[in-house]
Amino acid sequence: MEKTSVSKATFGRLPEYLRMLREISPETVPYISATTIAKKLNLGEVQVRKDLASVSGAGKPKLGYETVELIEKIEQCLGCDKLTPAVLIGAGKLGRALLHFSEFEKYGVKIIAAFDQNEETINFGGKTEILPMARFDQFCKDKQIRLGIITVGEGSAQEVCNQMVKAGITAIWNFAPCRLNVPSGVVLQNENLALSLAHLNSQL
């Protein structure tokens, strides 16, 4: 299944499907229906059917989807069947928190190194090394890095973004609270934590 045939909205829901499916036992639940998945996740059944059809086709009549096969199809679509190396720039509190978050590997991404301008944060001996920015370009080229994470402040985010693009990175996850400009062919995903919290607060 080509990823281009799956909508962005569907991609956003696939990790939740995968998490739920991984929690059940294929031995006891060899087949699972879209109706069951919809109820477990409190989603519309029609939406679930459309999402699953885009990655795994139609389920078997009266049986649904084979659980193991559906997990494999979703993993393939999300890229979980291969481990993509990523780098992070900005080893402050947020950056270090992401470095210690173990769930990324379950979804096919491994942060293999972090980089920072502050010499006091450099750490060559940890589980994930924090390296000086002077080594960034060559490291990305040597490791063929295509995924980068930005956890620096707003003032230096665009400069960091430009450096990532120059080093060959084509997908950027940005935590800086600002809009970044990227050239055509580079995918940018923004995460504004303050904005998300403000949205929740407005619902109280």
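Visitor: Which elements each supply at least two residues of the lining of the second largest pocket?

Guide: Helix 5 (93-99) and strand 4 do. Helices (H or I, at least four residues) and strands (E, at least two) are DSSP runs numbered from the N terminus. This is a predicted model, where local features need pLDDT of at least 70, side-chain atom pairs count only at pLDDT 80 or more, and totals for chains, interfaces and linings use all residues. Residues are numbered from 1 along each chain as its sequence is written, and side-chain values use heavy atoms, leaving out hydrogens and water.

Visitor: How many residues line the second largest pocket, and which lie nearest its centre?

Guide: There are 16, with L99, H100, F101, K127 and T128 nearest the centre. By class, that lining has seven nonpolar, five polar and four charged residues.

Visitor: Which element gives the most to the lining of the largest pocket?

Guide: Helix 1, with four residues. Helix 4, strand 4 (109-116), strand 6 (147-150), strand 7 (171-174) and strand 8 (187-190) are among the elements that each supply at least two. This lining divides into 15 nonpolar, six polar and five charged residues.

Visitor: What describes two packed helices?

Guide: The angle between their axes and the distance between the axes. Here, the axes of helix 1 (residues 8-22) and helix 4 (residues 67-78) come within 10 Å and cross at roughly 145 degrees. In helix 1, F11, L14, P15, Y17, L18, L21 and R22 meet L70, I71, I74, E75, C77 and L78 of helix 4 (contact means heavy atoms within 4.5 Å). The residues of this contact divide into 11 nonpolar, no polar and two charged.

Note on methods
Axes are lines fitted to C-alpha atoms, for helices over the stretch in contact, and angles run from 0 to 180 degrees between N-to-C directions. Ala, Val, Leu, Ile, Met, Phe, Trp, Tyr, Cys and Pro count as nonpolar, Asp, Glu, Lys and Arg as charged, and the others, Gly among them, as polar. On a 1 Å grid over the protein atoms alone, a cavity is a set of points where a 1.4 Å probe fits but cannot get out, and a pocket is an open set with protein on both sides within 12 Å along at least five of seven lines; lining residues have an atom within 4 Å of a point.
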